[in-house]
Amino acid sequence: SFESHAYFNAGKFYNGDNRPKFGYILNDGEQQLYFFIDTNDYWEIKNIGLATRTNGRNGTYNWSAVPTKPFTIYFGGEDYTKLSIKLEDNTYKFYVEDYLYCTYDASFFTKEVSIGLFAFNTQLNVKNPTLNLGGNN
């Protein structure tokens, strides 16, 4: 089992990307889960999503593996949004500001999983990242 959380802030967006995304990535080298904030270049759209990607770096993203949901969150200027992931009982649990957004079966992965942060065309600021390991998962 493990638990991780971090506070995310978007400084600015690059390359004319009108739908930048940022958040967590879980990766076993072949399969990937992206737990992300989806916005636009004016921060008007504030959705949370979970995407999958299979077949490694050459794979195709499924940006609607779990339907995106709008949230009242703030991540521009001086504001930060807390994202958290927990692995319990072979299930990943994804939280936004301590609210459970969705769960995903950990059997999606077939190898050892690494956790990281990602940003697509975004100046990303992160505060207080934590990772607590426990158990045998």
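Select D38 to begin: at 5% relative accessibility this residue counts as buried, where buried means under 20% relative accessible area, exposed over 50% and partly exposed in between (1.4 Å probe, protein chains only). The model is predicted, so local features need pLDDT of at least 70 and side-chain atom pairs count only at pLDDT 80 or more, while totals for chains, interfaces and linings use all residues. Residues are numbered from 1 along each chain as its sequence is written, and side-chain values use heavy atoms, with hydrogens and water left out.

**Around D38**

D38 belongs to strand β3 (residues 32-38); helices (H or I, at least four residues) and strands (E, at least two) are DSSP runs, numbered from the N terminus. Next, display the surroundings of D38. Not counting residues up to four places away in sequence, D38 touches R19, P20, K21, I45, K46 and N47, contact being heavy atoms within 4.5 Å.

**The salt bridges**

The whole structure holds four salt bridges, each defined as a side-chain nitrogen of Lys or Arg within 4 Å of a carboxyl oxygen of Asp or Glu. Select R19 together with D38: their side chains meet in a salt bridge of 2.5 Å, N to O. R19 lies in the loop between β1 (2-13) and β2 (21-27) and D38 in strand β3, so the pair ties together parts that are 19 residues apart in sequence. R19 itself is partly exposed, at 34% relative accessibility.

Move to K93 and E88, whose side chains form a salt bridge of 2.8 Å, N to O. K93 is partly exposed at 22% relative accessibility, and E88 is partly exposed at 32%.

Now select D98 and K82, where another salt bridge spans 2.9 Å, N to O. This pair links distant parts of the chain, 16 residues apart: D98 is in the loop between β7 (91-96) and β8 (99-105), and K82 is in strand β6 (residues 81-88). D98 is exposed, with a relative accessible area of 54%, whereas K82 is buried, at 12%.

**The open sheet**

Switch to a cartoon view and colour the strands. Five of them form an open antiparallel sheet in the order β5-β4-β3-β2-β9. The edges are β5 (61-70) and β9 (114-120); each has a single partner strand, so one side of each is left without a neighbour in the sheet. Neighbouring strands here are turned by 20° against each other on average, direction ignored; axes are lines fitted to C-alpha atoms, for helices over the stretch in contact, and angles run from 0 to 180 degrees between N-to-C directions.

Zoom in on β4 (residues 47-53), which pairs with β5 in the antiparallel sense over five bridges; two strands pair if DSSP finds at least two bridges between them. T52 stands opposite N62 in β5.

**The nonpolar core**

Finally, select F35, I48, Y92, F94 and Y101, which touch the most other members among the 28 residues of the largest nonpolar core. Such a core is a set of buried Ala, Val, Leu, Ile, Met, Phe, Trp, Tyr and Cys residues joined through side-chain atoms within 4.5 Å. β1 gives the most to this core, with five residues.
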